[in-house]
Amino acid sequence: MDKFTTHTGIGVPLRRSNVDTDQIIPAVYLKRVTRTGFEDGLFAAWRQDPGFVLNQAPYDRGSILVAGPDFGTGSSREHAVWALQDYGFRVVIAPRFGDIFRGNSGKAGLLVATVPETVVEALWAGLEAEPGRELTVDLTARTITAGEQTYPFAIDDYTRYRLLNGLDDISLTLQHADAIAAYEATRPVYKPTTLPARTAD
Amino acid sequence: MARTLSQKVWDDHVVRAGADGEPDLLYIDLHLCHEVTSPQAFDGLRAAGRRVRRPDLTLATEDHNTPTLDILAPIADPVSRLQVDTLRQNAQEFGIRLHSLGDKDQGVVHIIGPQLGVTQPGMTIVCGDSHTSTHGAFGALAFGIGTSEVEHVLATQTLPQAPPKTMAVTVTGALPEGVTAKDLILTHIARVGTGGGQGYVAEYRGDTIAALTMEGRMTICNMSIEWGARAGLVAPDQTTFDYLAGRPHAPAGAAWDAAVAYWSTLASDPDARFDAEVVIDATQLTPFVTWGTNPGQGVGLGERVPSPGDFADPAEQAAAARALDYMGLAAGTAMRDIAVDTVFLGSCTNGRIEDLRLAATVLKGHRVADGVRMLVVPGSARVREQAMAEGLDRVFTEAGAEWRYAGCSMCLGMNPDTLGPGERSASTSNRNFEGRQGKGGRTHLVSPAVAAATAVRGRLSAPADL
């Protein structure tokens with residue numbers, strides 16, 4: 001995972017709440033077995049509307065999405081994070097996020113910044129008054145800067161630490177392989193295994 | 001210190017406690033896989049030269065992409081076919097048990113775990129699917145994960161996790177006649193909203209929950225994620241033990257006794273404190289259906305489509321206006337006047353044998369209304385076999401419904417079972433998001449009883465309307 005420290009880019013106002021992961025990328029785009037190339041699925045249904053924000057220049061070159069509450073609810077599909085990244089987004093700002101989406105973002109290197117609804121309203125107003133305005137998101141300072149205004153955002157300490165250092169979770173965990181093996185040695189015998197397979201007949 | 005059920009399960013799986021804001025490292029007892037969210041994880045293993053640490057704690061099935069007709073013919077859509085073939089190759093390469101199309105134990109991943117008896121109380125269970133919360137009905141800590149985490153579990157059989165907050169959802173009183181577990185959970189979601197449970201693990205408790213069958217408890221836990229709770233649990237009891245006894249992977253003999261002794265400790269201590277509590281009076285519930293485009297936008301079947309002005313919050317007002325437009329509904333319309341062209345009975349929410357029995361009881365002696373297509377998709381090949389042994393398939397087909405093979409089917413429309421633009425369904429599934437069942441499709445979430453009655457009348461209905 002690439003390190004994330006600070007990012008400056010065009011802010012995109014997405015004036016919608018409850019943007020579920022089926023809207024971020026519909027299921028029909030999940031059939032691929034690759035890890036890249038999901039940008040065409042991003043907001044696929046909404047992008048058919050010429051008035052949709054990502055069909056307007058300069059928002060179509062945006063890299064910081066500013067959305068309403070409960071962004072990324074629903075399905076666990078990490079493809080939603082990949083689609084946002086493949087399109088060019090580095091940051092999503094919203095008042096509330098679905099738990100699984102937030103977790104997936106942290107693993108894949110997309111920064112999700114939680115701010116109060118009033119901040120989202122202020123960012124929306126600024127981005128609509130001045131399309132193409134750039135925002136700066138500073139993960140070290142946990143701040144979003146829009147022109148003269150600077151707003152703090154929330155992110156849990158551990159996710160921030162991992163993003164700042166670009167750490168790979170699996171490598172970190174495998175440092176504790178001995179602890180895993182020790183735990184396994186204590187598991188009760190009645191816990192089920194899937195192998196050898198048993199069936200009802 | 002007094003602990004809740006989920007805290008007990010958590011504590012029993014800590015491989016390494018996190019310090020200084022680090023998450024705990026949790027051991028995972030069971031990892032369920034399917035074709036959609038696993039291919040990139042296996043690729044990651046290959047790229048790093050890693051193996052699957054515990055193939056014997058891993059189980060895979062084909063469900064999301066699979067057809068429900070002609071299941072032994074090659075899958076028509078080449079992209080779906082490649083994804084299913086990829087799972088088959090990965091399962092073979094990494095030594096993972098896979099129940100493929102045509103296998104007697106194939107089915108929706110959250111139906112087959114309990115059915116095989118690999119879902120047991122006190123376990124940690126994960127799957128790259130948000131409805132993994134279903135398994136919480138057994139007193140397991142079960143939650144959905146993304147593909148990066150799938151790879152992590154494959155490689156290490158653990159997950160770094162920060163402890164969640166806990167919420168008690170206490171339900172008391174008898175469910176009125178005709179009101180099901182589905183109506184209960186849909187009502188709860190409408191009250192707390194899709195974000196009401198974010199950051200929490202829920203425990204469903206109270207005499208109403210204790211009186212539910214395992215199928216009913218699974219329906220409720222299944223939809224935990226629809227109100228934002230990543231997991232939802234029910235304390236195991238005699239109902240749980242009776243369900244598990246004799247299943248293929250349930251313990252036997254002395255191991256059974258040891259397991260039951262442990263499972264019996266898995267209840268929240270009387271003085272355990274939850275971070276939040278919600279109380280529901282079951283006696284006041286009615287059949288409940290959704291009108292909008294998220295599972296929180298629902299009302300009683302006897303009520304009317306709300307107006308955006310009914311909501312105080314500006315974001316909810318805007319969401320309601322958008323939803324009415326997408327759904328093609330006018331505020332003030334009686335829910336019972338809404339005509340559907342499709343009825344879907346199935347999914348990990350309501351595709352179990354009890355759901356099929358309930359719908360068949362309602363449908364028996366009636367006909368599906370002209371112009372309505374009803375799909376009955378059993379949750380697993382075993383459910384299908386059981387239903388046929390009981391003659392339920394004949395009830396459905398004689399009423400004019402289509403009797404299909406097992407899979408996720410129209411719940412998310414990754415296979416050919418989809419709604420067309422503007423088509424409207426009454427669906428026993430879990431999500432009414434825009435386009436969920438097919439581009440432009442309109443979904444009303446309902447119970448199996450309401451689904452069957454709706455099929456007969458062609459409009460949203462309860463069995464009492466027949």
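1. Let me begin with a pair of helices in chain B: α13(B) and α16(B) cross in a right-handed sense (right-handed if the near helix is turned clockwise from the far one by less than a right angle, left-handed if anticlockwise). Helix α13 of chain B covers residues 353–363 and helix α16 of chain B residues 448–457; their axes are 8 Å apart and pack at about 30 degrees. Axes here are lines fitted to C-alpha atoms, for helices over the stretch in contact, with angles from 0 to 180 degrees between N-to-C directions. Helices are DSSP runs of H or I with at least four residues, strands are runs of E with at least two, and both are numbered from the N terminus.

2. Before going on, please keep in mind that this is a predicted model, in which local features need pLDDT of at least 70, side-chain atom pairs count only at pLDDT 80 or more, and totals for chains, interfaces and linings use all residues. Residues are numbered from 1 along each chain as its sequence is written, while chains are lettered from A and ligands numbered from 1 in the order in which they are written.

3. Which residues of α13(B) meet α16(B)? They are B:Asp355, B:Leu358, B:Ala359, B:Val362 and B:Leu363, and their partners in α16(B) include B:Pro448, B:Ala452 and B:Val456. Contact means C-beta atoms, placed from the backbone, within 7 Å. Ala, Val, Leu, Ile, Met, Phe, Trp, Tyr, Cys and Pro count as nonpolar, Asp, Glu, Lys and Arg as charged, and the others, Gly among them, as polar.

4. Another helix pair in chain B is α6 (residues 181–192) with α8 (residues 214–222), whose axes come within 9 Å and cross at roughly 20 degrees. The two are therefore roughly parallel (under 35 degrees; over 145 is roughly antiparallel, 65 to 115 roughly perpendicular and the rest oblique). On the α6(B) side, B:Ala181, B:Lys182, B:Leu184 and B:Ile185 meet B:Gly216, B:Thr219 and B:Ile220 of α8(B). These residues divide into four nonpolar, two polar and one charged.

5. Stepping back, chain B has 16 helices and 19 strands. Its radius of gyration is 21 Å, close to the 23 Å of the globule rule for 466 residues, so chain B is as compact as a globular protein of that length. That radius is taken over C-alpha atoms, and the rule is 2.2 Å times the number of residues to the power 0.38. Of the 466 residues, 63% count as buried (20 or more other C-beta atoms within 10 Å; 12 or fewer is exposed, in between partly exposed, with C-beta atoms placed from the backbone).

6. Now the interface: 73 residues of chain B are in contact with 54 residues of chain A. Helix α5 of chain B (residues 147–156) gives the most to the chain B side, with seven residues. That side has 27 nonpolar, 29 polar and 17 charged residues.

7. A:Asp70 is not a glycine but has a positive phi of about 65 degrees, and it is buried, with 28 other C-beta atoms within 10 Å.

8. Finally, cis peptide bonds: one joins A:Ala57 and A:Pro58, with omega about 0 degrees. Another runs from A:Leu195 to A:Pro196, with omega near -5 degrees.

Methods: Contact = placed C-beta atoms within 7 Å.
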